[in-house]
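Let's take a quick tour of this structure. Have the sequence and the 3D view ready.

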Amino acid sequence: MPQATPAAPVSADPRPTRPMRFNPWTALALVVYHLLALAALALPWRWEWALAGLGVFLWAGLGTTVGLHRLLSHRAFQCPKWLEYFLVTGAATTLQTAPLEWAANHRTHHGYSDKDGDPHSPRFGVFYAHLGWVIDDLSTDRQAWKVRCKDLANDRYYLALQKFRFWPHLALVAVVALTAGWQALPAIVYLPCKVWMHAAYSVNSVCHLPSFGSRGYETPDTSRNVWWVGLWGLGEGWHNNHHAHPRRAFFGEGWRQPDAGSAFLKLMSALGLVWGLRSGARGQAEPEPGQ
Ligand SMILES: [Zn+2]
Ligand SMILES: [Zn+2]
């Protein structure tokens, strides 16, 4: 088990500024999205809605950490296309950006972690790292996938999702509304998706803040391992491990660092549905994919 060490300073300037462009429509959509999620707490609950909501949380969550992150962004394992598309579609139900843009943005984060080109470093403010960057049109280069994701750019499904990125969400809404009724949407769709998204946002904010967690590796960024983000984020909270070994499929190290994404991958591997799991050793050269 690596020993915790203090965060490595990455800049003499604790709060640099950057040009920003507020997008009021994205902000409005986020407010409505949160209100729909909160409506679940005011509406009556049914146990089958709670169970379905847990399923949506796991589909969206594993879709993000295993599908968008470990597979598309880092090529940390291989699997059949149907499983890849199933995972990525689960992530897309949350109304995150399109998969090609997600992967390009994340590769940019690794390329410029806590430096000027980082899309969502707490250097620009804690709220900015958590959610502010989502409503800043200048945080993200929406064409970067053409350069950073050449390995994914010929995939017809991902190219289609560039145009029809809302469809997985709308399809889920339609299925839930038709089978369980409109009243079930906050409990089955919006609350689980929003609970997952705040886990994902916390990786960018909490897991890059020196006031939380610990560091096992001296990486040149401020990444931290934070146990409760590890649990909530299905393994994503072991973020310092991940920055030290970006192409490794398993984020948690040992039973003290529970990682549901890794458990899912081990199960799929035992079933023969996942193979080529990468386990790069410390210090091993790990070229980034797709460039
Ligand atoms: Zn990071
Ligand atoms: Zn990553």
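At what angle do helix α2 (residues 47–73) and helix α12 (residues 260–270) pack? The angle is about 75 degrees, with the two axes 9 Å apart. So α2 is roughly perpendicular to α12. This is a predicted model, where local features need pLDDT of at least 70, side-chain atom pairs count only at pLDDT 80 or more, and totals for chains, interfaces and linings use all residues. Residues are numbered from 1 along each chain as its sequence is written, while chains are lettered from A and ligands numbered from 1 in the order in which they are written.

**Terms for the helices**
- Helices are DSSP runs (H or I, at least four residues), numbered from the N terminus.
- Axes are lines fitted to C-alpha atoms over the stretch in contact, and angles run from 0 to 180 degrees between N-to-C directions.
- Roughly perpendicular covers 65 to 115 degrees.

**Where α2 meets α12**
- From α2 come L62, T65, V66 and R70, and from α12 come G261, F264 and L265.
- Being in contact takes C-beta atoms, placed from the backbone, within 7 Å.

**The core**
- A nonpolar core is a set of buried Ala, Val, Leu, Ile, Met, Phe, Trp, Tyr and Cys residues joined through C-beta atoms within 7 Å.
- Buried takes 20 or more other C-beta atoms within 10 Å.
- The largest nonpolar core has 57 residues, and A103, I188 and V189 have the most contacts inside it.
- Helix α9 (residues 185–204) gives this core its largest share, 12 residues.

- D114 has phi near 60 degrees and is buried.
- L234 has phi of about 55 degrees and is buried too.

Notes:
Helices (H or I, at least four residues) and strands (E, at least two) are DSSP runs, numbered from the N terminus. Angles under 35 degrees count as roughly parallel, over 145 as roughly antiparallel, 65 to 115 as roughly perpendicular and the rest as oblique. Two residues are in contact if their C-beta atoms, placed from the backbone, lie within 7 Å. A residue is buried if 20 or more other C-beta atoms lie within 10 Å of its own, exposed if 12 or fewer, and partly exposed in between; C-beta atoms are placed from the backbone.
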